[in-house]
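Please keep the sequence and the model in view while reading.

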Amino acid sequence: MCINKGGLLKLNFHSSVAVNKMLKHLSQSFSELSVLRRLIFAIVSLPKDLPDLWNIAIKFAAGENVHLSESDVKIAIENLKEMDAAAFSKDSELLAELMKCESGKSSKPLGIVLLSSIQFCRECSKPLLVRKDRPSSIVMYDDILGTVPCTHYHRYCSSRRCDYKQYYGYHTKGGSSEVLYDSDWESLPYFVSSRETAFSNKLLCRINGEILVGQLSFMQCADLYNHLHNYHTPTGEISR
Ligand SMILES: [Zn+2]
């Protein structure tokens, strides 16, 4: 590390020049931006009074074989935090902010974005293109986030003769509206059950366990979901 507290005090903490200088020093010190990102992630995620915090964070960020001085790293990160506290926002806070961004030209919140990673048509193997102007807004039921908005983009085949459309976890072909689920839909984080509704697969897995192991009714599962996310039914009644 080439940064020390004395040197940094000469910098104007609130100028972008100072931040740029700091980042330059840090990039020289950590050699890879990924190390710095992982360091900040660890520092933000772990309690600040955790015993051996800096040693744990350095090992997480740089691995066992990279030796960085704990005191130098601590000084560098604390100075960076002093200059740019927003860089130390929690992932959950950033995600909440990102989900509030407007989606494309519409004024609707982006929410969770669903876009299939499949790049080629299953019918003719031509590349698939993203339909940019027709995202649909649907509702997502997520085990962690609760009920949140969701923007669903689809891809279409680049061949004019092929009427194939790839959605998140399913596809349609030949201009038909018949929904054909992809073989790997269970391995995806989310399941789109209709044009209006999607679920996180973890939530479906939990509901499955509640019904099969806990022998709850679907209504009781819904009550449990509402209770966990502080949603209240109009009557406030709990299903028995
Ligand atoms: Zn095609």
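Ile-138 has Cys-150, a residue of strand 4, as its bridge partner. In this predicted model, strand 3, which covers residues 136-142, runs antiparallel to strand 4 and is joined to it by seven bridges. Three residues lie between strand 3 and strand 4, and the two strands form a hairpin.

Strand 4 also pairs with strand 1. These two strands, residues 112-114 and residues 146-152, run parallel and are joined by three bridges. Within this pairing, the bridge partner of Leu-114 is His-152 in strand 4.

The pairings described in this report are set out below.

| Strands | Direction | Bridges |
|---|---|---|
| strand 1 and strand 4 | parallel | three bridges |
| strand 3 and strand 4 | antiparallel | seven bridges |
| strand 5 and strand 6 | antiparallel | two bridges |

A further group of strands forms an open sheet of five, in the order 2-5-6-7-8, with antiparallel pairing. Strand 2 (128-130) and strand 8 (180-181) are at the edges of this sheet; each has a single partner strand, so one side of each lacks a neighbour in the sheet. Tyr-156 stands opposite Lys-165, which belongs to strand 6.

As for the chain as a whole, eight helices and ten strands are present. Of its 240 residues, 21% count as buried. Among contacts between residues at least 6 apart in sequence, 47% join residues at least 24 apart.

Definitions and conventions
Residues numbered from 1 in each chain as written. Predicted model: local features only at pLDDT ≥ 70, side-chain atom pairs only at ≥ 80, totals over all residues. Pairing = 2+ DSSP bridges. Helix = DSSP H or I, 4+ residues; strand = E, 2+ residues; numbered from the N terminus. Buried ≥ 20, exposed ≤ 12 C-beta atoms within 10 Å, placed from the backbone. Contact = placed C-beta atoms within 7 Å.
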